[in-house]
Amino acid sequence: MNLFNSPLATTTTTLFIFLFTFTPHKATAATCLPDEEAGLLGFKSGIRSDPSGLLNNWIPGTDCCKWNGVECHFNSTRVQRLTLSGQPEENPRSILSGTISPSLSKLRLLDGLYLFDLKNISGPFPTFLFQLPNIQFVYLENNDLSGRIPENIGKLTKLYALSLVGNRFTGTLPSSITELTQLTQLKLDNNSLSGTLPKAINKLVNLNYISLEGNQFEGTIPAFSSNLRSLRLSRNKFSGNIPASIASLASNLAYLELGHNSLSGKIPDFLGKFRALDTLDLSWNRFSGTVPASFANLTKIFNLDLSNNLLVDPFPVMNVKGIESLDLSNNSFHLGKIPKWVLTSPIIFSLKLANCGIKMRIEDFKPSETFFYDFIDLSGNEISGNAISLVNSTQYLIGFWAARNNLKFDLGKLRFGERFRYLDLSHNAVFGKIPNSVVGLQKLNVSYNHLCGQIPKNTFPASAFVGNDCLCGSPLKPCK
């Protein structure tokens, strides 16, 4: 009897095939697909310099699923993701120099390419991505890529996230980007992109995060999908009013950042309906008129920056339970006193009210909590009194600016915590000697006060000390 044609043989063969196909099996060493290993080694060959040895264990013939940054599909030898990250703050040598080799197109099942903070990875946008049918996540952040974003970027239809933050990309944002309808996150910060945004960008209905900060985009702000939670357009050249279409974002938007543009007109009343708003930045524009009374409804806001506009009184009473940072500087406000809702916040770390028409004694500035303060700027007001108690009770203070007020106290009694770096008390009535502890500061200005005595050895310019009664020593005249 022919055993190969017998029922027993058929059953045995079927069972063998079933077990081989469906029984989980671990890959043994050196089981990378030759093509995928070649693709990864091709990438390594495009790297000219690897001072921290990030790719040292990328050795031919070893299991590529165990190579630094390589992640394979579960129970498989097929490469799924490539993640390489520098840590410039912890290790300045943890960078790569070179280009992104197109040999990565051999990784046919790759769904994510993550190259963070490698600094010296150069070249154009990696067009081999168009050959990867499963690519969903592309993060190429803080490298040295340049050139234009491809006009056919819209063909990467499976993309959920695209981030090109911190490179040198130029040109306009291709209109085909509106075809990436699966996209939930688009981050293009800190490049040199220009032109207007595609009008059909609201077709990206799944988009919940868009950040285009630090480019040269211009024109008016287009309509966006109502699912957005974060809209960050600061440091561009956008002009015109805040459009009425922004009102459709009220139910979800938590971050609205439009600072450092050329926007104008009045702040729209509908912003008071953004109950989920965490951060609102309208700084460094040309907004005029009053701040809407509806801002009293922004009870959950943590960060509010309206500085450097043309806004006028009255400023509304707000019902914020815990503001973290507030900047109203350099408008035409006459607040009189620091608002009570600021003083009662237990978590505030940054308060900037320069040139806000405040007339009070600084001893009456009695916040419920000073422990967390990092920055206090009260410059250009009519504040009098002794700042010693306030400054000395702020353990984590980094900077204190109170120039052009009427403060009067002994500078020698001021204590600087370990984090203290910036002090500006110019144009006050501060007296006494300059303490040795100022040498640890990064910036200092005590000009035009009533200080006297020898200046501690320092590296500050003469402008930091001029206009006092009897200071001497470098960088001023030598002491007699």
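Which residue forms a salt bridge with Asp 144? In this predicted model, where local features need pLDDT of at least 70, side-chain atom pairs count only at pLDDT 80 or more, and totals for chains, interfaces and linings use all residues, the partner is Arg 168, with the closest N and O atoms 2.7 Å apart. Residues are numbered from 1 along each chain as its sequence is written, and side-chain values use heavy atoms, leaving out hydrogens and water.

Asp 144 belongs to strand S8 (residues 144–148) and Arg 168 to strand S10 (residues 168–171), so the pair ties together parts 24 residues apart in sequence. Strands (E, at least two residues) and helices (H or I, at least four) are DSSP runs numbered from the N terminus. With relative accessibility of 25%, Asp 144 is partly exposed, and Arg 168, at 44%, is partly exposed as well. Here buried means under 20% relative accessible area, exposed means over 50%, and partly exposed lies in between (1.4 Å probe, protein chains only).

A salt bridge is taken as a side-chain nitrogen of Lys or Arg within 4 Å of a carboxyl oxygen of Asp or Glu, and by this rule the count comes to 11. One of these joins the side chains of Lys 187 and Glu 141, at 3.3 Å from N to O. Strand S11 (residues 185–187) holds Lys 187 and strand S7 (residues 137–141) holds Glu 141, so parts 46 residues apart in sequence are tied together. Both Lys 187 and Glu 141 are buried.

Lys 106 and Asp 35 also meet through their side chains, at 3.8 Å from N to O. Finally, salt bridges link Glu 71, Arg 81 and Asp 111 in a network.
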